[in-house]
Amino acid sequence: MLHSIYDLTTFCRKTTGDVPAKLVGASTTVVGSKMYLFGGRLVTERRMVSDLYVFDLETFVWDRLPASQDDDVPRARYFHSTDAWNNHLVVFGGMSNQPDSINPDELCVLNDVRFFDLSTRRWLPALPSPPASEPFTPRARYAHLSSVTADRLFVIGGQDFFNTWLDDVCVFDLISQTWVQRRDYPRHCGTYRSVAVSSHTTVRSPQEEMQASLSASTLGPSGSRFKTPNSPPISPDDMTSSESLTHLPYSVTPTEDHPSDIYLYSNYNFTDVKRELEVFSPLPDADFTIQDRSSAMTGSTFPPGLRFPTGAILGTHLIIAGTYLAHSYQSFSIWVLDLTAMTWSRIDPGKAIESGSWFRGCLWAESNKFLIFGNRHGNLVDDYNRRLLSWDHVAVVDLEAFGIYQPPPLKLDVRMQELGLAALEERVLTDFDIVCDDGHKIPCSRKILEDRWPWFKEQRKQLLKKAKTTLESLPTSTMHIPLPELPGNPPWDEPRVDPRLTPRAFHLSEPYPVTLALLQYFYSLALITPLQHASPVLSQLLILATNYRIPHLESLVKHAMHRALSNSTSVGVYEVATLCSCRSLQIRALKTVMSYTQKRPSRRTEKESGGNARPPDSGGEGGNAGGGGPSSTKYVSRARGTSDAKWRTMTDSGGTSSSGYSK
């Protein structure tokens with residue numbers, strides 16, 4: 001039954017447009033929502049090409065980019081490398097035809113660096129050849145590895161014209177366009193057995209960083225950060241201490257202090273697989289460090305030997321995919337290494353790629369999807385023996401459905417988040433009220449709501465427009481009374497103002513905890529308080545984010561739900577994800593529910609054990625099922641859009657209920 005769930009994570013489509021011919025040794029590079037394919041050797045003609053194609057990852061349409069007549073197009077090549085940097089494609093090396101040779105089969109290897117400007121879609125002029133005496137110039141090579149980080153192109157390994165392994169690492173400064181480093185690297189690395197990847201974003205954990213620094217908040221104690229002599233007293237129950245805040249991991253652009261590392265994964269000796277993982281960390285100068293993490297890799301299962309592997313970094317996961325060939329079984333296999341726990345797990349794409357010929361994988365990081373190109377009607381073994389790449393079909397794997405995704409970025413610094421929360425709790429510059437469905441009023445700043453809630457800002461504009469129109473149409477005589485506005489017949493030419501909005505208040509049909517959690521988000525642009533992480537509150541925040549079209553809040557809530565997903569919360573998460581059309585979260589919650597129910601004891605077992613049989617991590621799904629003493633567990637009524645199951649709650653000193661999700 002679980003196999004059918006995995007089928008939900010992957011779908012296959014036929015590509016259209018200028019579909020490239022079958023190629024050997026072409027490169028693929030993803031930039032935004034486009035994938036660029038360059039070079040390769042035509043299978044039918046055994047001829048190398050310098051064609052450039054672009055594939056739209058949203059529409060699955062290929063386009064061939066024609067070269068201008070005055071463009072300095074690179075020489076045709078294959079088994080080269082292409083990376084993305086600063087809205088450019090960076091091409092290095094590869095094998096090409098010998099220039100000025102009458103024999104088309106006479107080959108040579110290259111060591112040139114070429115740039116393609118994606119904004120103008122033009123090839124930049126070739127760089128002047130470095131002098132032969134330059135010590136850092138790399139030897140010509142093909143089938144090498146490459147990756148870009150810290151404005152530097154790292155070229156690792158490969159083979160020369162005589163197929164001799166080149167055991168070195170060469171570094172090219174992309175800003176000065178010069179080779180700045182060359183270091184011996186005593187390992188055989190090449191595209192047949194290895195892959196080197198980095199990411200344009202890194203993930204940082206402020207919670208761990210704050211614990212490691214052992215420094216308390218420098219903002220002062222809660223309740224006194226904006227205090228003045230005339231400030232009214234504030235109840236301690238209305239304050240949130242810095243120690244109780246939860247800061248989730250977030251994505252950020254790499255810096256010199258926190259660069260994006262290059263992960264080099266190799267596997268060889270395919271009958272008795274050897275796996276190696278080394279991490280290249282760039283230093284502020286041209287140098288770098290190398291750390292061997294091979295022995296740190298763990299897991300109940302490990303990847304088999306994957307030929308011509310491709311890889312990528314998404315969030316805190318290293319994705320490795322490649323061709324697995326055994327005597328009795330062949331497949332395209334996808335594996336993931338959790339870089340935090342250093343554990344391996346396999347991605348099961350279901351039946352989508354069980355048959356056919358699939359070889360080239362790439363990551364679409366913006367959508368948390370992994371794409372695999374091939375031909376669903378081809379033969380994997382035959383195409384592998386010819387090193388053939390097909391582009392007729394694409395299979396799309398939803399990685400978020402496996403809990404693999406890029407965390408949302410920060411909108412405010414961690415300290416600014418705490419200051420924003422303090423401004424709400426200490427009622428700084430409040431000129432507006434949010435009225436809950438129980439009549440409770442929460443003072444807040446109208447300016448903050450207008451700046452951070454687009455729907456609210458638009459409603460305020462309509463309210464002011466209507467007020468201005470009403471003032472201009474006031475009768476000149478007190479005896480003049482206009483006709484009343486008939487209900488149910490609004491003028492179609494202009495939108496009506498939301499009746500819940502008044503000049504000084506907005507009536508939100510939500511209970512006080514949910515309303516307060518929403519305001520805490522608008523003030524901090526984050527989910528950091530225990531109240532916001534309570535499972536019923538998270539569910540309602542997801543509904544509000546969907547209804548009021550607040551995409552950043554939606555991404556934060558899904559991030560929190562993914563991290564806290566467990567047996568006890570999976571039913572509620574599944575229901576609210578279904579309600580809000582969050583398909584990836586819905587599929588992952590459904591897998592958790594079904595995995596949990598398969599392990600759950602049957603009703604007969606529960607009856608025989610006196611009704612007290614409970615599976616582990618059953619969280620808030622019940623008290624004493626069939627007997628025993630009275631339960632001391634307290635419950636609250638479920639929030640709309642959540643499960644009918646009772647939520648176990650724990651009341652803190654301030655009386656706020658929090659539950660369900662483990663931090």
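Reply: Sorted by class, the lining of the largest cavity comprises 13 nonpolar, five polar and one charged residues, where Ala, Val, Leu, Ile, Met, Phe, Trp, Tyr, Cys and Pro are taken as nonpolar, Asp, Glu, Lys and Arg as charged, and the others, Gly among them, as polar. The model is a predicted one, in which local features need pLDDT of at least 70 and side-chain atom pairs count only at pLDDT 80 or more, while totals for chains, interfaces and linings use all residues. Residues are numbered from 1 along each chain as its sequence is written, and side-chain values use heavy atoms, with hydrogens and water left out.

A cavity here is a set of points, on a 1 Å grid over the protein atoms alone, where a 1.4 Å probe fits but cannot get out, and a lining residue has an atom within 4 Å of a point. Grid points are joined across faces, edges and corners, and a volume is the space filled by probe spheres set on the points. On these terms the structure holds three cavities of 30 Å³ or more, and the largest has a volume of about 140 Å³. Its lining consists of 19 residues, and those nearest the centre of the cavity are Leu248, Leu410, Gln417, Ala526 and Leu556. The elements that contribute two or more residues to this lining are α4 (414–425) and α9 (551–564), helices being DSSP runs of H or I with at least four residues, numbered from the N terminus. Of the elements, α9 gives the most to the lining, with three residues.

Terms used
On a 1 Å grid over the protein atoms alone, a cavity is a set of points where a 1.4 Å probe fits but cannot get out, and a pocket is an open set with protein on both sides within 12 Å along at least five of seven lines; lining residues have an atom within 4 Å of a point.
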